[in-house]
Amino acid sequence: MPTVFNPSPTGWPVTVLVGQANAAAARSITRYVDLATLRFEESGNNEPATCEFEFIQESRSVPSNAPADQFSNWAVPEGPVLVRHGQETVFQGFVRQLSHVPEGISRRVRVAAYDVSTLLDRCIVRGSYVRAAGETDKARIQWLLTEFGDAIYALFGNLDFSMVQTLDTSMPRQRFGQLTLRQAIEQVLAAASPTANYYMDPVGRLHTFSDANPEGLDAPYRINTARTLASNECAPEDLSIEWDTSGLINIYKVRGRNAAGTETFFDPVSFQTYGARKSFIDGPDCDTFAKAQALADAALADTKDPLVRGRFSVQGTSVTRNGDRWRPGQKVYVTSAHNGLLAEPYRIVRVATTYLSGTGDRRCEIEFGGLRRRYRTGGSLR
């Protein structure tokens with residue numbers, strides 16, 4: 001049955017709820033949590049989001065007749081964790097690491113949780129299935145989640161596909177078997193577009209996107225390091241940007257299954273700009289020129305240009321605007337004269353949130369840019 005979280009206590013700006021691994025309800029431990037230790041990170045790619053916090057348990061030994069809502073009984077491995085800011089869910093996942101540290105006659109309990117996207121690694125495609133050519137990638141992903149996402153359905157009670165985009169209107173025939181649900185989804189996306197990517201948000205919605213089909217999400221503010229700011233701009237703290245060519249490759253020799261799937265591909269613009277940067281790439285499923293080219297195009301999309309990554313922080317009134325907050329997946333425009341940037345758009349890939357006071361004032365550390373996901377699932381397109 002779905003996990004049900006109790007309503008937020010009246011007056012709390014932040015609510016932390018935890019539960020037993022197999023329970024149908026969770027208890028609020030908000031008033032026990034040291035808010036200065038609460039930190040959650042949201043991810044805009046397929047890396048898991050995380051949450052950490054600590055609380056003091058007043059007695060190291062819990063008596064057998066402890067009341068049912070004794071919070072120390074509920075922070076257990078694999079127990080569900082939910083964090084709300086006001087009524088908004090900002091993190092949802094499961095306890096993965098739990099430690100107790102003596103502190104006087106009490107003990108400090110440290111909790112590390114991973115988000116609901118890790119359920120994609122805990123669901124499997126049972127048996128062997130073939131999907132015929134011609135359907136959209138969205139329809140194929142919906143089938144996978146509906147048929148094999150039992151743990152996700154058990155948590156949320158329904159599946160929301162509203163953030164899954166159609167990247168390819170006519171997919172090739174694909175075979176699925178002996179894969180995790182994550183591997184199967186990656187197999188679909190790798191065939192749908194060389195720049196496809198995905199992530200799962202705190203309420204369990206899978207997001208898919210590509211360069212040709214980006215998400216239409218703008219950050220609440222534009223970033224500008226100038227002294228005079230427009231109403232839709234804010235000044236960042238500790239803005240840093242780097243350009244990294246350590247992974248730059250613009251020529252790939254695909255080692256395919258046979259001669260037809262073994263070929264060399266390159267990006268002419270990158271080659272002319274940076275010179276020849278070569279590497280091999282294995283394609284055990286590549287038995288045609290088209291499959292080898294699709295694999296090389298996906299790799300070149302990731303590596304033909306220098307990696308641009310940046311980060312900055314905002315706090316206080318710069319955290320929200322018009323009811324919206326900083327989130328992964330948003331597009332942020334960066335203007336910085338000393339970096340030579342004029343309203344340059346970047347995608348936000350990670351947001352880490354900490355709290356500055358008991359009234360709910362927040363600080364957000366924001367990362368943008370970076371490499372897209374490289375798919376290596378071993379799936380078959382046959």
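Modeller: Happy to! Let's start with Arg 39, which counts as partly exposed at 24% relative accessibility; here buried means under 20% relative accessible area, exposed over 50%, and partly exposed in between, using a 1.4 Å probe and protein chains only. Its partner is Glu 41, and the closest N and O atoms of this salt bridge are 3.0 Å apart. By salt bridge I mean a side-chain nitrogen of Lys or Arg within 4 Å of a carboxyl oxygen of Asp or Glu. Glu 41 counts as buried because its relative accessibility is 19%.

A word on the background: this is a predicted model, where local features need pLDDT of at least 70 and side-chain atom pairs count only at pLDDT 80 or more, while totals for chains, interfaces and linings use all residues. Residues are numbered from 1 along each chain as its sequence is written, and side-chain values use heavy atoms, leaving out hydrogens and water.

Next, Glu 88 pairs with Arg 325, with 2.8 Å between the closest N and O atoms of the salt bridge. This pair links distant parts of the chain, 237 residues apart: Glu 88 lies in strand 7 (residues 88–103) and Arg 325 in strand 21 (residues 324–325). Strands are DSSP runs of E with at least two residues, numbered from the N terminus. Glu 88 is partly exposed at 25%, whereas Arg 325 is buried at 5%.

Glu 135 and Arg 140 also form a salt bridge, at 2.7 Å from N to O, and both residues are buried. Shared partners join Arg 39, Glu 41, Glu 47, Arg 350 and Glu 365 into one salt-bridge network. Across the whole structure, the search finds 23 salt bridges.

Notes
Helix = DSSP H or I, 4+ residues; strand = E, 2+ residues; numbered from the N terminus.
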